[in-house]
Amino acid sequence: EIKENIAEGLVLRLAKEADTEQRPILKLKSKRFRESASSPGNRAEKNKNKKKQHRASLGETGDEILAELERGVTENRLRSVISKILGEVTHRKHISRVGGLLAEDVIEDFILADPPTPGMKSNKDRLDALDEEVRAKAKSLLRKTANGLVSRHIQAIIQQEF
């Protein structure tokens, strides 16, 4: 008997390809596996208000995109990243490596996700439209947020108890 054996989710696709540009897919994900901060029961990594007030603005669009990205830095997403590198995190010096992988995962998911408003440019186009310096700064701040989450849980991660 397997206890606590819960499926991550269910994906339904058409058996035959549809004659449309977009392929209809229905995804149902268990609440325990959700990776978005807006998902019920999932805590996002939150910067202290003081830090946000002192952080230089990336412009309206840059700040908006960074906020969306930071909402993806969650404990569930960290667990997902850790599951891919299980046993490779053996020391505190691995914080930035794991944080970098977490940030990359957030960006990949952001690019694949639908934009927040129907009819808006794709998230990839929105990210690409940022000035190169702003985009680099946003990614750096995202890594810092991810590293903060990893840092708070590093001991449990090293002991494979996270």
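Arg77 and Asp109 form a salt bridge in which the closest N and O atoms are 3.0 Å apart, a salt bridge being a side-chain nitrogen of Lys or Arg within 4 Å of a carboxyl oxygen of Asp or Glu. The pair links distant parts of the chain, with Arg77 in helix α3 and Asp109 in helix α4, 32 residues apart. Arg77 is buried, with a relative accessible area of 3%, whereas Asp109 is partly exposed at 36%; buried means under 20% relative accessible area, exposed over 50%, and partly exposed in between (1.4 Å probe, protein chains only). Arg77 and Asp109 also belong, with Lys84 and Asp105, to a network of salt bridges.

The structure is a predicted model, in which local features need pLDDT of at least 70 and side-chain atom pairs count only at pLDDT 80 or more, while totals for chains, interfaces and linings use all residues. Residues are numbered from 1 along each chain as its sequence is written, and side-chain values use heavy atoms, with hydrogens and water left out.

The secondary structure of the protein chain comes to six helices and two strands, which run β-β-α-α-α-α-α-α from the N terminus; helices (H or I, at least four residues) and strands (E, at least two) are DSSP runs, numbered from the N terminus. Of the 162 residues, 32% count as buried. Among contacts (heavy atoms within 4.5 Å) between residues at least 6 apart in sequence, 64% join residues at least 24 apart.

A search of the whole structure finds seven salt bridges. One of them joins the side chains of Arg126 and Glu64 (3.3 Å, N to O), and this pair likewise links distant parts of the chain, Arg126 lying in helix α5 and Glu64 in helix α2, 62 residues apart. Arg126 is buried, with a relative accessible area of 6%, while Glu64 is partly exposed at 37%. The side chains of Arg97 and Glu88 meet in a further salt bridge (2.7 Å, N to O); Arg97 is partly exposed, at 35% relative accessibility, as is Glu88, at 40%.

Helix α6 (residues 132-158) contains a kink of about 55°, centred on Arg152, where the bend at a residue is the angle between axes fitted to the seven residues ending there and the seven starting there. Buried residues of α6, among them Val134, Leu141, Leu149 and Ile157, pack against α2 (59-70), α3 (75-84), α4 (95-112) and α5 (123-129). At the start of α6, a side-chain oxygen of Asp131 reaches to within 3.1 Å of the backbone nitrogen of Glu133, and the helix is followed by Gln160, whose phi is positive, near 55°.

On the surface, Leu10, Leu12, Leu26 and Leu28 form a nonpolar patch with about 350 Å² of accessible area together. Such patches are made of residues with over 30% relative accessible area and no salt bridge, like charges being joined within 9 Å and nonpolar side chains (Val, Leu, Ile, Met, Phe, Trp, Tyr) within 5 Å; accessible areas come from the Shrake-Rupley method with a 1.4 Å probe, and for residues only the protein chains shown count as cover. Strands β1 (9-13) and β2 (25-29) each supply at least two residues of the patch. Leu10, in strand β1, counts as partly exposed at 44% relative accessibility. Lys29 is found in strand β2, and its C-alpha atom is separated by 4.1 Å from that of Gly9, 20 residues apart along the chain.

How values were computed:
A polar contact is a pair of N or O atoms within 3.5 Å; within protein, one must be able to donate a hydrogen and the other to accept it, and residues adjacent in sequence count only if both atoms are side-chain atoms.
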